Amino acid sequence: IRREFWENRAIWIVPAAIGVVLTFAVLFGKIDIVAAIPPERQRLLGPQVLLAYGVTFFVVMSIYSSWYLLECLYADRKDRSVLFWKSMPISDIATVTSKLATALVAIPLVYFIAADVSTLLMAFIVSLRAHSYFGSALWHPDLWLQLQALWLYVIATTAIWYLPFTGWLLFVSAWAK
């Protein structure tokens with residue numbers, strides 16, 4: 001899996017770029033619109049904003065994981081690095097399993113961590129900038145833990161649910177000329 005992180009820097013660059021863009025959007029965006037909403041509605045808006053922030057990362061992660069699976073075995077043959085890795089005492093099953101584990105476990109965890117860090121940063125910026133109840137609506141520990149559990153559940157069930165699809169994408173990557 002470390003090899004995949006070396007060869008595919010986009011695994012960590014893409015979520016970092018998304019976090020930076022969304023953080024700048026919150027930092028320089030217009031938050032005064034929220035002040036016109038009544039406080040009881042702002043309390044309901046906080047979880048929706050946090051959920052939308054995470055959905056952005058999840059959609060990009062799904063697209064990148066599919067692209068990674070389509071490209072990973074083909075790229076090894078194209079740049080002939082497969083010949084070098086064949087000289088190592090690693091079986092083909094271990095290589096394919098590491099690529100599968102990277103797509104189903106490592107990439108989602110990187111995106112999960114990036115989403116958490118940027119969501120915390122977004123909540124901090126909004127709480128400083130918004131002079132309303134909305135800023136404090138983002139800082140409820142029970143809401144935060146529920147969203148963390150939800151995202152870990154979504155990542156795990158998505159990995160299991162799309163396992164046949166990921167196998168097909170790996171097959172296409174290995175079969176492509």
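Reader: Why does F165 count as partly exposed?

Author: This is a predicted model, and F165 has 41% relative accessibility in it. Buried means under 20% and exposed means over 50%. The value for F165, 41%, lies in between, so F165 counts as partly exposed. F165 sits in helix α8.

Reader: Why is T166 called buried?

Author: T166 also belongs to helix α8. Its relative accessibility is 5%. The cut-off for buried is under 20%, so T166 counts as buried.

Reader: What does T166 touch?

Author: Leaving aside neighbours within four places in sequence, T166 is in contact with L69, L100 and L104. The T166 side chain also reaches the backbone oxygen of L163, at 2.7 Å.

Reader: What makes the nonpolar surface patch, and where does the largest share of it come from?

Author: W161, Y162, F165, W168, F171 and W175 make the patch, which covers about 820 Å². Helix α8 gives the largest share, 4 residues. A patch residue needs over 30% relative accessible area. F165 has 41%, so F165 passes that cut-off.

Reader: What makes up the largest nonpolar core?

Author: That core has 31 residues. Those with the most contacts inside it are F57, Y68, I107, Y111 and M122. Helices α2, α3, α5, α7 and α8 each supply at least two of its residues. The largest share, 11 residues, comes from α5.

Reader: Which residues does I107 touch?

Author: Not counting residues up to four places away in sequence, I107 touches I11, M61, Y64, S65, Y68 and T102.

Notes. Residues are numbered from 1 along each chain as its sequence is written. This is a predicted model: local features need pLDDT of at least 70, side-chain atom pairs count only at pLDDT 80 or more; totals for chains, interfaces and linings use all residues. Side-chain values use heavy atoms; hydrogens and water are left out. A nonpolar core is a set of buried Ala, Val, Leu, Ile, Met, Phe, Trp, Tyr and Cys residues joined through side-chain atoms within 4.5 Å. Buried means under 20% relative accessible area, exposed over 50%, partly exposed in between (1.4 Å probe, protein chains only). Contact means heavy atoms within 4.5 Å. Patches are made of residues with over 30% relative accessible area and no salt bridge: like charges are joined within 9 Å, nonpolar side chains (Val, Leu, Ile, Met, Phe, Trp, Tyr) within 5 Å. Accessible areas come from the Shrake-Rupley method with a 1.4 Å probe; for residues, only the protein chains shown count as cover. A salt bridge is a side-chain nitrogen of Lys or Arg within 4 Å of a carboxyl oxygen of Asp or Glu. A polar contact is a pair of N or O atoms within 3.5 Å; within protein, one must be able to donate a hydrogen and the other to accept it, and residues adjacent in sequence count only if both atoms are side-chain atoms.
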